[in-house]
Amino acid sequence: MNELTIIAPDDWHLHFRDGDMLKETVPATARCFRRAIVMPNLVPPVVNAQMAMEYKSRIEAAIPAEQNFTPLMTIYLTNETTKQDIIDAKKAGVIAAKLYPAGATTNSDAAVSQLDALNPVFEAMAEQDMLLLVHGEVTESHIDIFDREKVFIEQKLQKIVQDFPSLRVVLEHITTKDAVEFVAQSSDKIAATITPQHLLLNRNDLLVGGIRPHNFCLPVLKRNIHQQALQDAVVTGSSKFFLGTDSAPHEKHRKESACGCAGCYSAWSAIELYAHCFEELGIIDKLEGFASTHGPDFYGLPRNNDTVTLIKEAWKIPDEITLPNGSSIVPFFAGEKVSWKLKI
């Protein structure tokens, strides 16, 4: 097979950031994705309908004229979020609300510290049919970082799902065998996104031969048995698992600092990375479901009505990309060869 044509894909989890960074991240995403779920963890966070629509306008201003792209907006849950915030956001066209446990990842300090206090909000979300997107990690310092997803599912997520059975929930960027099993065994209201870095890498790629800051993300890369579980999940072709890059850009000097930022910038070559991985797994025929149909079907949105074509052509992801402000960013899988390329 030298060409692969699929329904145009979407990215169901990414970070555009804001300001000048949008001039890089928005065109990079719009090059191959028609829609993307936009994370709200800015500074300050996007906590209501008005802020979401203002952010959407800034994103739309950065979309190149020749590209067909729609940002799908979310709001950021805090312990001050109200039922009215959910109603107003839904009316304004906000797709989902994001649950970050406080301190779990980049710009999450303002997030949720008392989960039970959000029960009225979860009730409103279920009534409004607004999706709950979950960064599934506990943040207590005594819990090992490699166990935080597993513990969150056991202590937090199972209760949310049980108490609000009609609430649609996406457990984002899953990293463990435990998460795969939880999603697979849950009702059809529960789904998950999987990133290219967690499919392609494990913690050896972060730690062996020296710390590799550009492979550092949160949730952190796990053991190879968990990587294998994620790969096995996509091999099944289950509609419960779909594409979400968690593309999260940081300037090179911020990644290569004494306390490097968490996040992998994969938007620049995202669909090619997934195609590369799916071919290695012998399931290139299942890429379309994972990238183009499972996500919109779960979100209750129409599938895209056009296609994209990938050609079988080896190429190398660049070592660095120059940002509009003159600084540089190291893309995920920098310097590595992938076997498919988007046909422009």
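## A buried charged pair

In this predicted model, Lys98 and Glu172 are both buried, and the two residues form a salt bridge in which the closest N and O atoms are 2.7 Å apart. Lys98 belongs to strand 6 (residues 96-99), while Glu172 sits in the loop between strand 8 (169-171) and helix 6, so the pair ties together parts that are 74 residues apart in sequence.

## Other salt bridges

Across the whole structure, a search finds 15 salt bridges. One of them joins the side chains of Arg168 and Asp129, with an N to O distance of 2.9 Å. This pair also links distant parts of the chain, since Arg168 is in the loop between helix 5 and strand 8 and Asp129 is in the loop between helix 4 (119-128) and strand 7 (131-134), 39 residues apart. Arg168 counts as buried at 13% relative accessibility, whereas Asp129, with a relative accessible area of 38%, is partly exposed.

Within helix 5, the side chains of Glu154 and Lys150 meet in a salt bridge at 2.7 Å, N to O, and because these residues are four apart in the helix, about one helical turn separates them. Glu154 is partly exposed at 43% relative accessibility, and Lys150 is partly exposed at 31%.

## Helix 5 against helix 6

The axes of helix 5 (residues 148-163) and helix 6 (residues 177-185) come within 9 Å and cross at roughly 20°, and the two helices are therefore roughly parallel to each other. Their crossing is right-handed. Helix 5 makes the contact through Glu149, Lys150, Ile153, Leu157, Gln158 and Val161, and helix 6 through Asp178, Ala179 and Phe182; these residues divide into five nonpolar, one polar and three charged.

How values were computed
Residues numbered from 1 in each chain as written. Predicted model: local features only at pLDDT ≥ 70, side-chain atom pairs only at ≥ 80, totals over all residues. Heavy atoms only, no water. Axes fitted to C-alpha atoms, helices over the stretch in contact; angles between N-to-C directions. Parallel < 35°, antiparallel > 145°, perpendicular 65-115°, else oblique. Left-handed = near helix turned anticlockwise from the far one by under 90°. Contact = heavy atoms within 4.5 Å. Nonpolar A, V, L, I, M, F, W, Y, C, P; charged D, E, K, R; others polar. Salt bridge = Lys/Arg side-chain N within 4 Å of Asp/Glu carboxyl O. Buried < 20%, exposed > 50% of the residue type's maximum accessible area, 1.4 Å probe, protein only.
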